[in-house]
Structures are given as structure tokens and as C-alpha cells.
Amino acid sequence: NQGQPYTNHLLIKMSRLVLVIFVCLQSLTQSVQAQISSPPQTLNFRHYEAEDGLSNNTVICSLQDQRGFIWCGADALNRFDGTNFKIFRHDPTQPHSIGGGGISYLFEDHSGRLWIGTSKGGLYFYNADMDNFYVIEALKGKYVRAIQQDQTGRLWVAAQGRLYTLDLPDPQKDNSNKEALAQTKAKWIQYAGAEVTSISLQ
């Protein structure tokens, strides 16, 4: 019978396929059983408040920067190093203190620079070299609601109900001139609509 060798070959291939499927299912079953039988991961939480050094119990925004510091925006700016809080408050006698009115938004850009939005002082950036702050003069005194950055490096800011863009200098070419950065012009994006309170760049 000429069809017999082909039939035998087909049966051998099918038996091998069944064996492979059986082995895969057995491995998957063992993996699922191992995950079910393993103890659940324990998550530890610690509650920090004013008694622990936080400036205020009401925190509006927070982020962890590339260096590991946790920044919390409340009535002042708080920086947590894992052990202690350092509080940055508005001081009218210091030209490079953070703005007043409370912290409304925190954002870290692609270069690792921290941007701080305030409810009365405007938009600031953190100068890590001197542990102080510079205000963007074009947005000084405005209520900053949101900060984002697009793929080209342009900063988008929602301030006083309007949308602004800031073309930042290339940090790889010049990241030391803080005074020049503070003078960056803000371009108002005009549109017909409600006040801008948030930004989502897709």
C-alpha cells in the first residue's frame, strides 16, 4: 500500500506534536502552581507628617528625582533624602528663594532639571549647584497648574488659565548659565476654549 508510509510518517509527527504540547502545558501548570503557592509580597508603608519634619500635612504634589530625592509640594517645598526633610520656603529677603503661595506642581525634565510651579510666584527651576531657585521672568507671579515637556525639549506650561511654551536651550551645549535660562521667553498659545488646567502630551 503506497499510502501506508505517508500515514505512518504523519502519525509520528502528530505524536511528537502532542508530546510537545503536553510538555508545554505541564511547564505552564507548574509555573502557575509555584506562583500560587509562593507567599504574597509584603508592602511596607510609613506615614510622614508635620511631626516628622514635613512642612504641612497637606501635600499637593510629589515626585522622586533621578538622584533619588523625594520632593513634596505643600505650603512650602520639601525634599526628603530617606531620613530627613529639608524645607524650602519663600523668603522675600533672598533673591533666589522659592516663590510664595504654596507649591502647585512638580516636574523633572529630560535633563534632570527640577521645575516647580507655585500658586502665586510663577515658574521656578532648581539650581542643584547652589541649592537655590530661579524664576522664569516671563511667568513670574502667575499661578502654574501643569508642566510637561515634549520630545523636542520644549516645555509646556499651564499658567493663569493659559497655555505657554518655552524653548529651552540645549543642556548638552550650555547647562551652566542659569541667568540666561531664567530669561527664557514664554510663547502664549492662543486658542478658543476654557481655561487650561492640565496638560497631556501624547
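Aspartate 129 forms a salt bridge (a side-chain nitrogen of Lys or Arg within 4 Å of a carboxyl oxygen of Asp or Glu) with lysine 178, with 3.7 Å between the closest N and O atoms. The two residues belong to distant parts of the chain, 49 residues apart: aspartate 129 is in the loop between β7 and β8, and lysine 178 is in helix α2 (residues 178-182). Helices (H or I, at least four residues) and strands (E, at least two) are DSSP runs numbered from the N terminus. Aspartate 129 is exposed at 64% relative accessibility, whereas lysine 178 is buried at 12%; buried means under 20% relative accessible area, exposed over 50%, and partly exposed in between (1.4 Å probe, protein chains only).

The model is predicted, and local features need pLDDT of at least 70, side-chain atom pairs count only at pLDDT 80 or more, and totals for chains, interfaces and linings use all residues. Residues are numbered from 1 along each chain as its sequence is written, and side-chain values use heavy atoms, with hydrogens and water left out.

In the whole structure, 7 salt bridges were found. One of them pairs arginine 79 with aspartate 131, the closest N and O atoms lying 3.1 Å apart. Arginine 79 is in strand β3 (residues 77-80) and aspartate 131 in the loop between β7 (123-127) and β8 (132-135), so this pair ties together parts 52 residues apart in sequence. Arginine 79 is buried, at 13% relative accessibility, while aspartate 131 is partly exposed, at 24%.

Aspartate 131 also forms a salt bridge with lysine 86, at 2.4 Å between the closest N and O atoms. Because lysine 86 lies in strand β4 (residues 85-88) and aspartate 131 in the β7–β8 loop, the pair ties together parts 45 residues apart in sequence. Lysine 86 is partly exposed, with a relative accessible area of 37%. Through shared partners, salt bridges join Arg79, Lys86 and Asp131 into one network.
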